[in-house]
Amino acid sequence: MTSAGIPYEHAVEAWRAAAPAPPRSLDVPAADVLAAHHPDHQAHGTTTLRVGANAGDRCPSVLADLLESASLVDDVDIAGTAVADTDVVVVGGGGAGCAAALTAADQGARVLVLNKLRLGDSNTVMAEGGIQAAVAPEDSLQRHFADTVRAGHLAGSRDLVAAMVHDGPDVIRWLIQLGVTFDTVAGDAGEVLMARGRAGGTTVPRILSCRDHTGLEIMRSLREAVALHPGIVVRDHAPVVELLTDTHGRCTGAVVVDLVSNAVQLVRANAVLLTTGGAGRLYVGSFPSSNHYGATADGLVLAYRAGARLVDVDSFQYHPTGLAWPSALVGQLITEAARGAGALLVNGHGERFVDEVAPRDVVAAAMLREMADGRAVERDGQVGLLLDVPSLVADQPEILTDRLVTLAKLAARAGVDPTAEPLMVRPTLHYQNGGVVIDEHGATGVAGLWCAGEVAGGIHGRNRVMGNALLDILAFGRRAGRAAAHAAGERIRRPVGLHHLQQWQRGLVDAGLPLDRRAPLLFPPESNVTPDDVMARCR
Amino acid sequence: MTHIGGSPRLLTALDTLVGVDLDAWLAGPGGAALTAAVADPAAAREAVRLADLRGMGGAAFPTARKWDAVAAATVPAGERWVIANGNEDEPGTFKDRVLLEHAPHLIIEGALAAAACCGAANVVLYVNPRHAGVEAAIAEAVAQWRDHHLLDELERVLGEPVRLRVHASSGLYVGGEDTAAIASVEGGFPFPRRKPPYPTTHGVEGMPTVVNNVETLAQAAVLLRLGAPAYRDLGVGEASGTRLYSLSGDVIRPGLYELPSGTSLRSLVFDHGGGMLADRSFKAVFTGGPSNTLLATDGLDVALDPDSVVAAGSRLGTGAMIVISEGTSITRKVAEYIDFFAGASCGPCPPCRTGTHQLSQILHRIDTGHGTPADLDTLRSLTALLPGSGNCGLVDAAATVVASALERFPHEFERQVHHR
């Protein structure tokens, strides 16, 4: 995919000669760049799903292997295992899971949060730039709606986008009440206003931030609120390996593996809420990933096997500015806020090649074009483009201490002086645009099963705007939490079983797929821990 | 959509699964059975006897004995009844609803032939309204027979016009018991009552009544068309005719299979059902209800006809076979089925009402990891105490399934109560 680039030393010379106002080159229509270079548009590495609700759809092969896999448990393995009862089970305690748990518990439901890793260990903490919400006088829900739908290439569900943008201001109010400290600026009359940044592809500055670690700050507040809520029980190191279903195919609970005691446990609930995040650690297309350790598509696998429909599973977001050098830090993100503030991207000839604040997919595709055509930069075998931070600092001397603090730390770890030397960056697998089909309340097609956060799809279409991920997880986390608590109000104890597996196995046999490829994956490929290893420890 | 397979195909032949199109039915195999029955009712009854047709609703009672009993009654045709029982509700059985929806004229013709043979002018198609589309299909099919010349022939035999109507059952499981079906047709709640007296002498309004499962009537129509010798030859060995097997559970190709009566369980599961799911080995099968003794691996070569299955210690029942693999828990399946029986118990007989509930509670406890060894003792006591204590066979069925599972798979139960 990448051919060798221009040696770093030559590239830096070219950059120095042209900065701070390098020439623009190669203005090609965005649609053409996307078609020729964006991974979503390439057939390579994809396959057609043969089993399940999306049979016939294209899907990256690495994901298809997991979606079309066999269960880690047999009915006979779990028969007679003690069943613990609760009202709502939340699978995955990232931002969406915590928002859902808090909302459900506030409605009076008993909530159990199951974490594969630990509470808050999630992609939410990786979100740097900020959160979108239409709170400014010159902004409106309608503009936020239009920006989101347009950036998603009109593929997103209008109902879901409307629900999300509608909740924006209330989500911000809720976060402030929970203790999130957003950045502020002084207004003309000395009043305190929320500081707002501009996301690529949007028409109004709408990004609210906590410097460049917004997700971390939000997660900090959510974690504290969850830990203090008397209605929520949190269990860490307890991944869900299968959903429980009754004879009608309704989801009635979850099969849990306790990684500390190596025991299989069953939890029965009136509502199961998957907030398991995305699939970045599958390294789709062999891209480096910005995602945290747990992003192995577990929720997609569980929901799909239980009969839920997915949407846009072939569409991923490649963040334009993951670090490309040094190799130990490849994939570490530099926030889009850097480009929003004015940082330019240049190729090995010292030329700009794209509007840096175009939508992410366009910027990433343009970078991949430079890499494919030999105009990128090569250093120690790594290939990328240059992000001109020094010119930004020259223009805004306080920016590394006031706003882009994570960038400064990252540069220090890379051994780069960001005031003097550009950073080498490249498109990095960042976000799963699609996911489980949900309605405005997070309900899936499977009764008893809700989804929220990155595991759900249909909101961002085929490209997500910066800052909408944090809003999405909180808006739909709260909506799904409310709906799940409402369903749990029935307090009916339904039978538990693995009834969905029979039809599933028939599908695998019919399609000639192997029965010994098991999922969810639980841990990424580099962990060298297979799900079979995990189950073997429990026997 | 139920997968339909097997061979030879009589009940499930393409020219028989014509839906509510009477012209299509009569252009194909339709009409021959009723013509034969009205031509010589006594000979037709004799053919049914020679063909050894048995009830397909679960009890495998010889059909000819019911027909002969009602035919021998002294009351006029207007006071004799034929009920085509299509109430079907138990887990794993799905043959009647397929016939009713896709071959309604086969059933109607069988019921009219029964009416001719028994001299009964009242024919009731008793169907379960919970089966989507069935009630409407059968009503439309009945309407198409109006003024058909074969009904004139039938009137000549009966001495009065036949009254053919559809009666929607309560949809409840107990409503499939024959005395309960009679109570329902009389307009009451479908409570089963003690037998004897039997419906053939004391049926609807106390009058002689034949209650036949709809597949039985469909088989009767086929055998009257083919003649008893040809029909008998369809079976394997001593068995007669074909049967509909409702195959479900851990098999690759579940569905409705019409096969020669006496086909082995092994052939049904492995030749027709595609074999076991996910390469698991065969563990057991819940037969016909699931209200009978389980068949385990030593039962794989049992011929699936009523007498052979009884000889193997179980019963064929409705022909439903719920197959269980080594990957599936027997205790969970039993708990599910007993849940069904407890929910279906209609109330008047206290041992059934509370006994099935107790069984269900204990099994549920064991299934969810909260059972104790004392629970197993209680289960064993209940399965000894309960049989025979109800007006119908519901409580017997529940006790039989539990006792059989405990006997065949004690280790699964014991592992679960000790596994704390």
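**Exercise 1.** Which residue of chain A meets the side chain of B:Arg332 in a salt bridge?

*Solution.* Step 1: the side chains of A:Asp75 and B:Arg332 form a salt bridge, 2.6 Å from N to O. The term stands for a side-chain nitrogen of Lys or Arg within 4 Å of a carboxyl oxygen of Asp or Glu. Step 2: the rule finds three salt bridges across the interface of chain A and chain B.

The model is predicted, so local features need pLDDT of at least 70 and side-chain atom pairs pLDDT 80 or more, while totals for chains, interfaces and linings use all residues. Residues are numbered from 1 along each chain as its sequence is written, chains are lettered from A in the order in which they are written, and side-chain values use heavy atoms, without hydrogens and water.

**Exercise 2.** State how much area is buried between chain A and chain B, and which residues of chain A lose the most.

*Solution.* Step 1: about 1,900 Å² is buried, with 48% given by carbon and sulfur atoms. Buried area is the accessible area (1.4 Å probe) lost by two parts on being put together, summed over both. Step 2: on the side of chain A, the most area is lost by A:Val76, A:Gly80 and A:Arg506, together 28% of what that side buries. Step 3: the contact (heavy atoms within 4.5 Å) takes 20 residues from chain A and 28 residues from chain B.

**Exercise 3.** Which residues touch the most other members of the largest nonpolar core?

*Solution.* Step 1: a nonpolar core is a set of buried Ala, Val, Leu, Ile, Met, Phe, Trp, Tyr and Cys residues joined through side-chain atoms within 4.5 Å. Buried means under 20% relative accessible area, exposed over 50% and partly exposed in between (1.4 Å probe, protein chains only). Step 2: the largest core has 160 residues, and A:Val88, A:Val111, A:Ile131 and A:Leu474 touch the most other members. Step 3: helix α15 (residues 468-488) of chain A gives the largest share of this core, twelve residues. Helices (H or I, at least four residues) and strands (E, at least two) are DSSP runs, numbered from the N terminus. Step 4: a second, separate core has 66 residues, including B:Ala141 and B:Leu151.

**Exercise 4.** Is B:Asn87 buried or exposed?

*Solution.* Step 1: B:Asn87 lies in the loop between β2 (81-86) and α5 (96-102) of chain B. Step 2: B:Asn87 has a relative accessible area of 1%, so B:Asn87 is buried. Step 3: beyond neighbours within four places in sequence, the contacts of B:Asn87 include B:Tyr126, B:His131 and B:Ser169.
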